[in-house]
Amino acid sequence: MSTFQRYDPQSIEAKWQRRWETEKTYACAVDHSKPKYYTLEMFPYPSGKLHMGHVRNYSIADVVARFRRMQGYNVLHPIGWDAFGLPAENAAIKRNVHPAEWTYSNIANMRSQLKSLGYSYDWDRELATCHPKYYRWEQEFFLKCLEKGLVYRKKANQNWCPKCNTVLANEQVVDGCCWRCDSPVQQKELTQWFMRITAYADELLADLKKLEGGWPDRVLSMQRNWIGRSEGAEIVFPLEGREENISVFTTRPDTLFGVVFMTLAPEHPLVDSLIKGKENEAEIRAFIERIRNMDRIERQADDIEKEGIFTGAYCLHPLTGRRIPIWLGNFVLAEYGTGAVMAVPAHDQRDFDFSRKYGIEFIPVVQPEGEHLEASGMDHAAEGPGFLINSGEFNGMPSDKAKTAIVEALAKIGRGKKTVNFRLRDWNISRQRYWGAPIPVIYCEKCGMVPVPEKDLPVLLPTDVQTRPDGRSPLPDTPSFAECTCPCCGGKARRETDTMDTFVESSWYFARYTAARKEDGAFDAEALKYWLPVDQYIGGVEHAILHLLYARFFTKILRDFGYLPEDLNEPFSNLLTQGMVLMDGSKMSKSKGNVVDPDAMIAKYGADTVRLFCLFAAPPERDFDWTESGIEGAHRFLSRIWRLYGDVRDSLLPVAACSSTAKDAAISPLAREIRLKEHATVKKAGEDIGDRYQFNTAIAAVMELVNALYLAKDELAGSDAGRKVLSSAMCTVLSMMSPITPHICEELWADLHKDGSMLEQQPWPAWNEDALQRDMLTVVIQINGKLRSKIKVPADAGRDMLEKAALEDPAIKRHLEGLTVRKIVVIPGKLINIVAA
């Protein structure tokens, strides 16, 4: 047994990785004879090196993929690279290399790292989003959106990161800072491209119901809140002395008679004309300039100090004609709702605080039942329901009914209507950076904006340019790219030099994987129909709003364009959001110096050990702390399996998992116990992995079986039947650990079976219900010496179990009603006598 005197994971792992790659073990194709299973982890940005967060994410996905293969599924498990974007460009600039060189070098390094971990990817489907064969189709999708009115260009204030030199979508601003570099975000007026995601707001919201049970409730709630559907009314307030109107959206039309001032966003298009010529025009303009430079997310925060200034202008109440002063407020944004808010201080706390600060009187109009509201006695807003007061003909009406009645009254005079509003805003996809997919649009002085013809796609991103130290895009100053010919008139024209947000690339990559090498189309219809939707998607909860919402949106537009199957409504049936890997309670980061290098751990302990520790340390949805003792413990367990196999190697038979019979196990109580534990472990591990993704408890169950085999191995090896029980249980251990630690399991399986087969190709063990039943005996139960019942109990049941079973028997309970148990006499295996009076 010299081969098994030392566990050498590095040589074993390299051996099996070579075989898997040579034989393309994990390549797959459409096969209608098998059920499909598509498992996918959020693909990585090629930063240069994997971190332990990657390893945990990909190890989880690999266990799922391997387990489903053993269950008989045709599994698609692809990998690729989210290769465009700011991080690669900034890193390349810092190192004075081209982003393409930096990106492809990192891909090569990270590909090698992934292979060293033994992940079961179909490498024939590998893709990189920075390759023209990928983004060519993205440009086609853009043109389809342009044709259908789902992408448009407009000028507006945008979130601007001065460090990254580009705009950010609202979702990319976190606590007023850039989500990538943490720099404070500024406001800058720019002309940008937007995707009309709001056109799908209702469907995006409604279809969240289809994901209930498959997605975490937390993620569903985050998306519902971000979409933010509100039912209410649009109400029109005429401007005094002018023909224009101010429109507002409100969910509380019942409070209309309590409006005492109007608050506009400083950016509202009417503001300039409203303040022109006013005595304090200069003061108002200074206020506007200051507020416009504030972070838009911060302006919406509940705890921001409310600031405002009176414009000197008035609008008129739509039902009473009462003059209403128009203010500007820092908490109102032009792009949210209508950019105007009707202020009802008596019934909205924000307006209440504002009116108190600036000495504006207010009028209570909704009186809670059993209370008497007076403006002078209010110290906070009464925001609940009640009955209308100070509201003319609507006095006494319940507020819920008043909402409808007031909107109907407004509709009759053309001053209002029932409507729905969304918090969701259209997606800004323009980026003023170089390393991204070019937007396929041309600007001609004669023809205006002209889409690039599909026959001219892809619009190639030039790679012969020099990036700038400050991150500004070189594309506008690159004549070979920017200068072109108009496809309509043949005259001189210029290309769009903004590039697309990288979230566009990650919004459809999962569909491209189904036919990654197809060159005459984005997708293959048969492959799409077979593989989609993704059955299990795995990634961080930080993408709950950004990536996941955009991917859902893209699935719906590509379906409607005819690219995806017409019955495909959602991209990911099930979502698992894994926790982080921490060090001493903190997130690993280079700046803190607490990063654990996966390569170093693989070199020291082996890939199987790294995988095992990441899966055993905690349930996948929870964070866990990396500890040296933890990974050493994982290594000891694999070494223990190795030694166990070596100890019993000469006694083992080349059998399948769970192959011993009841007859084999009948030779001794120990053999029966091992067979029972074997089947019970298969049942638990299968349920924990397949149904609950609780890999840690599945591993713990296998550990218990290994411990039991250590104690039983010498006795079982002493007989032919015992050898069958031992061999079956040993093969079951290898089968169950195979999805988690595939290299060591394949090595031991191959040593035992010697037929060239791989454990990878074996089915997941099938547990037998009969094997879970312990030998049973019939025990008589007496009360005061009289036979009252009989029960079946395990042959090895102890006194406590027998007493408990007797007292829980329905017949015994009935006979003991009104009596007190004085004593219980137990004769194990035969009789229980209850003395009661």
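**Questions on contacts, burial and helix packing**

Guide: Thr467 is in contact with Ile93, Pro99, Tyr434 and Pro474, its neighbours within four places in sequence being left aside; contact means heavy atoms within 4.5 Å. The model is predicted: local features need pLDDT of at least 70, side-chain atom pairs count only at pLDDT 80 or more, and totals for chains, interfaces and linings use all residues. Residues are numbered from 1 along each chain as its sequence is written, and side-chain values use heavy atoms, with hydrogens and water left out.

Visitor: Why does Thr467 count as buried?

Guide: Its relative accessibility is 10%, and buried means under 20% relative accessible area, exposed over 50%, and partly exposed in between (1.4 Å probe, protein chains only); Thr467 therefore counts as buried. Thr467 belongs to the loop between strand E22 (448–451) and helix H13 (479–482). Such helices (H or I, at least four residues) and strands (E, at least two) are DSSP runs, numbered from the N terminus. Pro458 lies in that loop between E22 and H13 as well, and the peptide bond joining Leu457 to Pro458 is cis, with omega about 0°.

Visitor: What makes Gln172 buried?

Guide: Gln172 has a relative accessible area of 2%, so it is called buried. Its place is the loop between strand E6 (166–168) and strand E7 (173–174). Not counting residues up to four places away in sequence, Gln172 touches Cys177, Cys178, Trp179, Arg431, Asp501, Phe503 and Leu546. Gln172 and Ile545 are 373 residues apart in sequence, yet 9.7 Å apart in space from C-alpha to C-alpha.

Visitor: How do you know that Cys178 is in no disulfide?

Guide: A disulfide is a pair of cysteine sulfur atoms within 2.5 Å. A search of the whole structure finds zero disulfides. For Cys178, the nearest cysteine sulfur is that of Cys181, 3.8 Å away. Cys178 is at 0% relative accessibility and so counts as buried.

Visitor: Why is H2 called roughly perpendicular to H19?

Guide: Two packed helices are described by the angle between their axes and the distance between the axes. Helix H2 (residues 52–70) and helix H19 (residues 607–616) pack at about 90°, their axes 9 Å apart. Axes are lines fitted to C-alpha atoms, for helices over the stretch in contact, and angles run from 0 to 180 degrees between N-to-C directions. Angles under 35 degrees count as roughly parallel, over 145 as roughly antiparallel, 65 to 115 as roughly perpendicular and the rest as oblique; H2 is therefore roughly perpendicular to H19. Residues making the contact include Met52, Val55 and Arg56 of H2 and Val610 and Arg611 of H19.

Visitor: What makes Lys24 partly exposed?

Guide: Its relative accessibility is 48%, so Lys24 counts as partly exposed. Lys24 is found in the loop between helix H1 (9–23) and strand E1 (36–41). Although Lys24 is not a glycine, its phi is positive, about 50°. Most residues other than glycine have a negative phi.

Visitor: Is Cys658 buried or exposed?

Guide: With a relative accessible area of 13%, Cys658 is therefore buried. Its phi is also positive, near 55°, in a residue other than glycine. Cys658 is found in the loop between helix H20 (628–648) and helix H21 (662–665).
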